[in-house]
Amino acid sequence: MRYSGLRVLWEGLTGNKGWQPAWREPEPKKSYDVIVIGGGGHGLATAYYLSNKFGITNVAVLEKGWLGSGNIGRNTTIIRSNYLLPGNEPFYELSMKLWEGLEQDFNYNAMVSQRGVLNLCHTDAQRDAFARRGNSMRLSGADSELLDQDGVRALYPFLDFDNARFPIKGGLLQKRGGSARHDGVAWGYARGADLRGVDIIQNCEVTGFHIENGVCKGVETTKGAISAKKIAVCVAGSSGRVMAQAGMRLPIESHVLQAFVSEGLKPIIPGVITFGAGHFYISQSDKGGLVFGGDIDGYNSYAQRGNLPVVEDVCESGMALMPMIGRARLLRMWGGVMDMSMDGSPFIDKTHIDGLYFNGGWCYGGFKATPASGYCYAHLLAKDEPHPVATEMRLDRFKRGHMIDEKGAGAQPNLH
Ligand SMILES: Cc1cc2nc3c(=O)[nH]c(=O)nc-3n(C[C@H](O)[C@H](O)[C@H](O)COP(=O)(O)OP(=O)(O)OC[C@H]3O[C@@H](n4cnc5c(N)ncnc54)[C@H](O)[C@@H]3O)c2cc1C
């Protein structure tokens, strides 16, 4: 079934009886060409592009919970391609270009909204760093604009420009950045992959790998053993636990990141703003809630809920940036488990075990990467060589000393 305005009209006039489930609920087959472990955004995008762009349709996505139960349904929905380093920026710009055509491509309304992402700067040194980043973005074909204080004031007059500790000096604006409805992205990819024959199997946890003589031949699951020529791990915050089942130790730590939503308010924040003197970012949802977040919790955890000190820390940053936020009531909050790599950049790579592939280390920023991650992982699985924009995202880069040290700020994840 194709979705269209006419279909909505027709169903509205005929009692909405013709809608079909967006994907099937198949039982797993004994064997596949490719098994993707993890039905988050990246796993579903991988299956979608494998079937849609690379012609590999004998694919299963194995998800231990329900689609959208992981970070894909928990993030603050920000999309952007404002990176500095050559190992990252072309990748994120490919992602932005895929976002721009995504809804037409998979025929689903993911509410992609290019409302602009503004990074605020608070010192002269920070403005210089933003100018450098903006220039680097332009060299990769992305858009960027350096705003002075008046430029920021014209967009967001309510910010605390003269804050005694964190005065706002200007900002780096990416107008093509913005937000997208996170669970809609998962559903759109799932539906698109299912239409091309991919089996999406929920409530099916992978509990082990069948590895013989250095070759991965299949997986053990809560629904029985399944064999495959290629196994693609894509489990975000569970990366360490799942890869340990294959005997691998990763340069990744898992930390909780929390998100917050206020009560619904009249439109006040047209785009996405990030505070440059602390860790705080905010936008407003189409329902009116202020959607915001900040730093990760300071210790390792696999719990999908966070602690109160970070709540206080995030709210303090919000108050320093826009004091009026203190009058809004917090409606709800939640946490997701982040796969924090040691240099703040991701991995899309083969492992030393034949047939076993790994995608992870997305840190706070994997939602915006979803389309490019799926595309590049599908490329690697189909051709056994990395996509040109993902050649640096290798597992052995720490051993070789070729980190993609995007933030260059710290040796541990909560300092990135
Ligand atoms: C609060 C919060 C805010 C964020 N904000 C942003 C943002 O604004 N912008 C941005 O770009 N990024 C953001 N992120 C990061 C982004 O959400 C993640 O990097 C990205 O979603 C991770 O990829 P995924 O969607 O595939 O992960 P997930 O949705 O977590 O998918 C992984 C899946 O693997 C499954 N799984 C795990 N173990 C197994 C197993 N053994 N067998 C089978 N399945 C298994 C899990 O159940 C899960 O569904 C945020 C994250 C959080 C938590």
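A: Happy to. In this predicted model, the axes of helix α3 (residues 89-106) and helix α9 (residues 370-383) come within 7 Å and cross at roughly 105 degrees. An angle between 65 and 115 degrees counts as roughly perpendicular, so that is how α3 lies relative to α9.

Now let's step back to the domains. The protein chain, with its 10 helices and 18 strands, is divided into domain 1 (23-81 + 83-108 + 182-251 + 343-415) and domain 2 (117-176 + 253-341). Taken over C-alpha atoms, the centres of domain 1 and domain 2 are 27 Å apart. Where the two meet, 31 residues of domain 1 are in contact with 30 residues of domain 2. On the domain 1 side, the elements giving two or more residues are α3 and α7 (239-244). Here α3 turns up again: with 4 residues, α3 gives the most to the side of domain 1 that touches domain 2. That side of domain 1 has 12 nonpolar, 14 polar and 5 charged residues.

The ligand is another place to look at both domains together, as the shell around the ligand draws at least three residues from each of domain 1 and domain 2. Of the 40 residues around the ligand, the ones that come nearest are Gly-38, Gly-40, Gly-70, Gly-336 and Gly-366. Among the elements, α2 (41-53), β12 (252-264) and β16 (330-341) each supply at least two residues of the shell. By class, the residues of the shell are 15 nonpolar, 20 polar and 5 charged.

Finally, the overall dimensions. Along its principal axes, the C-alpha trace of the protein chain spans about 65 × 65 × 40 Å. The radius of gyration of the protein chain is 21 Å, which agrees with the value near 22 Å that a compact globule of 416 residues would have.

Notes: Residues are numbered from 1 along each chain as its sequence is written. This is a predicted model: local features need pLDDT of at least 70, side-chain atom pairs count only at pLDDT 80 or more; totals for chains, interfaces and linings use all residues. A residue is near a molecule or strand if its C-beta atom, placed from the backbone, lies within 6 Å of it. Ala, Val, Leu, Ile, Met, Phe, Trp, Tyr, Cys and Pro count as nonpolar, Asp, Glu, Lys and Arg as charged, and the others, Gly among them, as polar. Domain bounds come from an automatic or database domain assignment. Axes are lines fitted to C-alpha atoms, for helices over the stretch in contact, and angles run from 0 to 180 degrees between N-to-C directions. Angles under 35 degrees count as roughly parallel, over 145 as roughly antiparallel, 65 to 115 as roughly perpendicular and the rest as oblique. The radius of gyration is taken over C-alpha atoms; the globule rule is 2.2 Å times the number of residues to the power 0.38. Two residues are in contact if their C-beta atoms, placed from the backbone, lie within 7 Å.
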